[in-house]
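The following paragraphs lead through the structure shown below, beginning with a pair of helices and ending with a sheet and the helices that cover it.

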Amino acid sequence: MKKLQAIRGMNDLLPGDSAAWQYLEATVADVLQNYGYQEIRFPILEPTELFKRSIGEVTDIVEKEMYTFDDRNGDSVTLRPEGTACCVRACEQHGLLYNQTQRLWYQGPMFRYERPQKGRLRQFHQIGVETFGMDGPDIDAELLMISARLWKQLGISDAVTLQLNSLGTADARARYKEALVSYLSERKEQLDEDSQRRLDSNPLRILDSKNQDTQALLNDAPALHDFLDDDSREHFDKLKALLDSAGIQYEINPRLVRGLDYYGKTVFEWVTDKLGAQGTVCAGGRYDGLVEQLGGRATPAVGFAMGVERLILLLQELEAIPEGLNQSVDVYILAVGDVMEDAYQLGELIRDQLPHLRVMNHCGGGSFKSQMKKADRSGAEYALIIGEDEASQGMVTLKPLRVDRPQETLAIEDVAKALQA
Ligand code: ATP
Ligand code: MG
């Protein structure tokens, strides 16, 4: 029979790596809590319409990356390729945007049918942050402070840089698009194939083409910055001033546009040069038009999402994952002879008295020697050995496994105290 395999680009998270993920997730959750953000969870499957109407029909995601299928009822559903649209849908559905502000975060798997490679998967994970109801540059700055604090907490600040741009209002972008298309149309044959196609469908995306000739051509193209409306310009200037005063460094990248249609004004990416082509670990921006576009009342919004796999790769690359995370046990309890009940009672007693300790009971019997081998392999600091003689006297032997100290035999009620010491 053919061996069953996971779908290409969809990874298992194995026990050896899960501690690093838990560490990252817990660190992010802590930082977000520090800033008063609340977690929201929404389904993995949504109506296809949600993504078509938010991300945009002519974006890479909607054109060719979505996992879309008809369910048994014939309704078109899609595995979420990102969280922002879902978050807006959930907030609207439950009235969370009515006359109030929201600071929210979520995490979980996202699905995009891309070519799998390092840092690019078909099922990947994001931790996202979205805020609603605040239109000023202060909340934009707060989001960037949150991310900067997170990099500091994770010990990766030196490896990431912040790139910043303003896309202006829809009007400003429309005027810019016209100028850009007219400039590029005259030089169409010099554009790469993808960019030629985008000239009609999504000309702004040409700005972040990876093609060198196209990039060279763009050097003399009209600049988006010159088309910004006063409001966007003021917003951007104030944001920069706030970042300056917070000591957060950034580079202005006039060609940063982002691949989703709903962004306007502020956009940003945190990038690293340590991960090759997949160097963006966190990306986001302002999307003041999206809530209304999805049928709600106009509500300003800004958010970002981090790629968990890329952050884990970066942590590994920088050797920034704390040591000892993978240790699963502190104490290993051996049951030698007919003492199963006593061994379990002992285990429960210690877990009651010292809840922070990780205590593993040996299962499956076997000789003292084979049980000691397991104890050693478990990584535990201590073995607790209970044999028939010990059990009948209410005693147990405590044996240090990692330091050269003699074992001692003590009364069961004294074990917790000894372990604590
Ligand atoms: P890229 O330009 O790398 O394709 P994107 O602009 O499509 O990224 P976003 O939709 O902004 O990405 O998602 C936010 C973050 O999620 C990205 O910065 C990245 O860290 C991560 N991410 C996006 N797509 C993938 C993927 N296929 N595999 C792993 N991580 C991803
Ligand atoms: Mg992409």
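A crossing of two helices is called left-handed if the near helix is turned anticlockwise from the far one by less than a right angle, and right-handed if clockwise. By this convention, the crossing of α2 and α4 is right-handed. The model is a predicted one, in which local features need pLDDT of at least 70 and side-chain atom pairs count only at pLDDT 80 or more, while totals for chains, interfaces and linings use all residues. Residues are numbered from 1 along each chain as its sequence is written, chains are lettered from A and ligands numbered from 1 in the order in which they are written, and side-chain values use heavy atoms, with hydrogens and water left out.

Helices (H or I, at least four residues) and strands (E, at least two) are DSSP runs, numbered from the N terminus. Helix α2 spans residues 48-55 and helix α4 residues 84-93; they pack at an angle of about 110 degrees, with their axes 9 Å apart. The two are therefore roughly perpendicular, a term for angles of 65 to 115 degrees. Axes are lines fitted to C-alpha atoms, for helices over the stretch in contact, and angles run from 0 to 180 degrees between N-to-C directions. In contact (heavy atoms within 4.5 Å) are Leu 50, Phe 51 and Ser 54 of α2 with Ala 85, Cys 86 and Arg 89 of α4.

Helix α4 is mostly covered, with seven of its ten residues buried, that is, under 20% relative accessible area (1.4 Å probe, protein chains only). Among these buried residues are Thr 84, Cys 87 and Val 88. The buried residues of α4 pack against β2 (45-47), α2, β5, β6 and α10 (290-293). Just after α4, Gly 95 takes a positive phi of about 65 degrees.

Glu 114 counts as buried because its relative accessibility is 14%. Beyond its neighbours within four places in sequence, Glu 114 is in contact with Glu 65, Arg 120, Leu 121 and Arg 122.

Elsewhere, five strands form an open sheet in the order β13-β12-β14-β15-β16, with mixed pairing; two strands pair if DSSP finds at least two bridges between them. β13 (359-361) and β16 (408-411) stand at the edges with a single partner strand each, so one side of each is left without a neighbour in the sheet. Helix α12 (residues 340-353) lies across β12 (331-336), β13, β14 and β15, running at about 170 degrees to β13.

How values were computed: Parallel < 35°, antiparallel > 145°, perpendicular 65-115°, else oblique. Buried < 20%, exposed > 50% of the residue type's maximum accessible area, 1.4 Å probe, protein only.
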